Amino acid sequence: MLDQADPDSNLLGHFFTDTHKKATNNGIEVVDIYSDRDCGPGEQLFEAYGESHNGFMAQWFGFVADPNPSDVLRLKWKFVPGQGERAQEKLKMLNAFRGAIRTDFTVRLIDQLPSTVVYYLQLTTLPPERAVECSKKSERENIVACISNHRPAHLYDELELILKERLGQFSSSLDQDLELVTSLSGTARLAVEWRIHQKKIGHHVLSLIEQLRKKRDEL
């Protein structure tokens with residue numbers, strides 16, 4: 001169902017919490033990492049960070065990766081059930097995705113929008129007659145087929161607005177942070193590095209939207 005749940009609420013998972021434990025050493029908070037096999041003194045150990053976003057890496061490892069294609073910018077759609085033309089039909093189709101499309105969503109520093117983001121935009125911008133038609137499809141794949149050629153000029157307007165609003169919530173610009181971070185160290189630097197990557201994702205997706213619009217106009 002379309003709701004407020006965080007899709008990454010179980011991010012840590014059993015594997016990570018079974019091998020990493022927060023502890024305190026001489027009054028300093030540390031993370032103890034446990035090997036899954038015996039190892040000798042001086043033996044080099046390796047750890048795979050997996051697909052971890054930068055907030056997670058900052059908390060557990062004390063650094064943020066840049067670039068990090070697994071980092072995410074968290075956003076929230078503006079669709080409100082019961083409001084707007086054919087809202088009931090659109091909500092029915094959104095819920096047919098069984099949680100794949102959620103109120104809260106993420107974008108990343110990759111060269112394409114997630115398919116669920118595109119599906120949401122297509123569904124919520126359907127004209128009334130098309131919304132009624134496509135809402136009669138009960139299966140997800142049939143809904144996708146019904147909306148596949150729906151690419152109006154205003155398709156990405158909501159996503160663009162959400163991104164600009166999110167970037168506007170920061171008290172500094174990306175350029176200002178890039179200058180500021182060179183004078184910082186420790187946790188202050190870490191916080192700004194995380195913020196920089198959040199902004200890079202936002203600007204990247206805005207650029208991607210421009211490219212998609214130009215591509216549409218060329219067709």
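**Salt bridges and overall form in a predicted model**

Me: How many salt bridges are counted in this predicted model?
Reply: The count is 10 salt bridges.

Me: Why is the pair D66 and K200 called a salt bridge?
Reply: The cut-off is 4 Å between a Lys or Arg side-chain nitrogen and a carboxyl oxygen of Asp or Glu. The N to O distance for D66 and K200 is 2.9 Å. That is within 4 Å, so the pair qualifies.

Me: What does the D66 and K200 pair tie together?
Reply: D66 sits in the loop between α2 (54-61) and β3 (72-76). K200 belongs to helix α9 (residues 186-218). The pair therefore links parts that are 134 residues apart in sequence.

Me: Why is D66 called partly exposed?
Reply: Buried means under 20% relative accessible area, and exposed means over 50%. D66 has 47%, so D66 falls in between. K200, at 27%, also counts as partly exposed.

Me: What makes R86 and E89 a salt bridge?
Reply: Their side chains meet at 3.3 Å, N to O. The limit is 4 Å, so the pair counts.

Me: Is E89 buried or exposed, and how do you know?
Reply: E89 has a relative accessible area of 19%. The buried class is under 20%, so E89 is buried. R86 has 40% and is partly exposed.

Me: How do you know that E193 and R189 form a salt bridge?
Reply: The N to O distance is 3.0 Å.

Me: What separates E193 and R189 along helix α9?
Reply: They are four residues apart, which means about one helical turn. E193 is partly exposed at 24%. R189 is partly exposed at 31%.

Me: Which residues do salt bridges with shared partners join into one network?
Reply: D157, E160, K164 and R213.

Me: How many helices and strands does the protein chain have?
Reply: Nine helices and four strands. The pattern along the sequence is α-β-β-α-β-α-β-α-α-α-α-α-α.

Me: How does the radius of gyration of the protein chain compare with that of a compact globule, and what is the box?
Reply: A compact globule of 219 residues would have a radius near 17 Å, but the protein chain has 21 Å. The C-alpha atoms fill a box of roughly 70 × 40 × 30 Å along the principal axes.

Me: What share of the residues counts as buried?
Reply: 37% of the 219 residues.

Note on methods. Residues are numbered from 1 along each chain as its sequence is written. This is a predicted model: local features need pLDDT of at least 70, side-chain atom pairs count only at pLDDT 80 or more; totals for chains, interfaces and linings use all residues. Side-chain values use heavy atoms; hydrogens and water are left out. Helices (H or I, at least four residues) and strands (E, at least two) are DSSP runs, numbered from the N terminus. Buried means under 20% relative accessible area, exposed over 50%, partly exposed in between (1.4 Å probe, protein chains only). The radius of gyration is taken over C-alpha atoms; the globule rule is 2.2 Å times the number of residues to the power 0.38.
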